[in-house]
Structure formats: structure tokens, C-alpha cells
Amino acid sequence: MSKVAVKAKDNIYYQARIKASEFNEIFKSRTLTAEQLNIHPSTLARYELGIIPVNQDVVILMSELYNDPSLISWFCNNECLIGKLCNKKNKDNLIAMKDNK
């Protein structure tokens, strides 16, 4: 049984890896997962601990390896500057439409 990374347990990238480990045991190990992602295990740990932002290329690869397309949507809505600006603009437009009624 794998240990739960208490400090990372609420991180979406950690959660996706652990969910993927139900189907592929490689993902139970940060070290083996990092090899699949072509990154250093400490880099994966820092991503999962929220210490450093995840590069968009890594998010795409995680999404593919973990079979979790929601990672890309989450990244675009929460981390990507363009995505955040688009969401804000859409929200502002919805508020303006509501105010015009």
C-alpha cells in the first residue's frame, strides 16, 4: 500500500496521479512517474506540493499518461494567463448582460 502524501493530497496533479495508479502501478511511485514525464522526481514533488507551477507541456503529458483530460481544462481555467483572462471576460460579459435585462 502506498503512503499518502499528506501535504499534496489536495493538489489536482497528485490526485490525478493517484487515481491513475489504480490502473497502472507505475504511478504509485513519484520516481517512476517522473521518469515517464521526463522530469526529475523532485520536480514532480514540487509540482504536487504546489511549490512551483507546472509547465503546460508537462500538463499535457500528465493528462495523456494519466488518461485525465480534465487536467488540461483545469490548467487552462486556473493557471494559464490567457485562460484566466478569457474566463474573466466571459464572466464580465454575463454580468453586463444580466444588468441590461
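Cysteine 86 is partly exposed, with a relative accessible area of 41% (buried means under 20%, exposed over 50%, partly exposed in between, using a 1.4 Å probe and protein chains only). Its sulfur sits 8.0 Å from the closest cysteine sulfur, in cysteine 80, too far for a bond. Cysteine 80, in turn, has its closest cysteine sulfur in cysteine 76, at 5.4 Å, again too far for a bond. A search of the whole structure turns up 0 disulfides (pairs of cysteine sulfur atoms within 2.5 Å).

A word on the model: it is a predicted one, where local features need pLDDT of at least 70 and side-chain atom pairs count only at pLDDT 80 or more, while totals for chains, interfaces and linings use all residues. Residues are numbered from 1 along each chain as its sequence is written, and side-chain values use heavy atoms, leaving out hydrogens and water.

Now for the charges. There are 3 salt bridges here (a side-chain nitrogen of Lys or Arg within 4 Å of a carboxyl oxygen of Asp or Glu). One of them pairs lysine 9 with aspartate 10 at 3.7 Å; lysine 9 is partly exposed at 42%, and aspartate 10 is exposed at 62%.

Then look at glutamate 48, which is buried at 0%. Its salt bridge with arginine 17 has the closest N and O atoms 2.7 Å apart. Glutamate 48 lies in helix α3 (residues 41-48) and arginine 17 in helix α1 (residues 12-20), so this pair ties together parts 31 residues apart in sequence (helices are DSSP runs of H or I, at least four residues, numbered from the N terminus). Arginine 17 is buried too, at 4%.

Glutamate 48 also meets arginine 30 in a salt bridge, 2.7 Å from N to O. Arginine 30 belongs to helix α2 (residues 30-37), so its pairing with glutamate 48 in helix α3 links parts 18 residues apart in sequence. Through shared partners, Arg17, Arg30 and Glu48 join into one network.

Note on methods: Helices (H or I, at least four residues) and strands (E, at least two) are DSSP runs, numbered from the N terminus.
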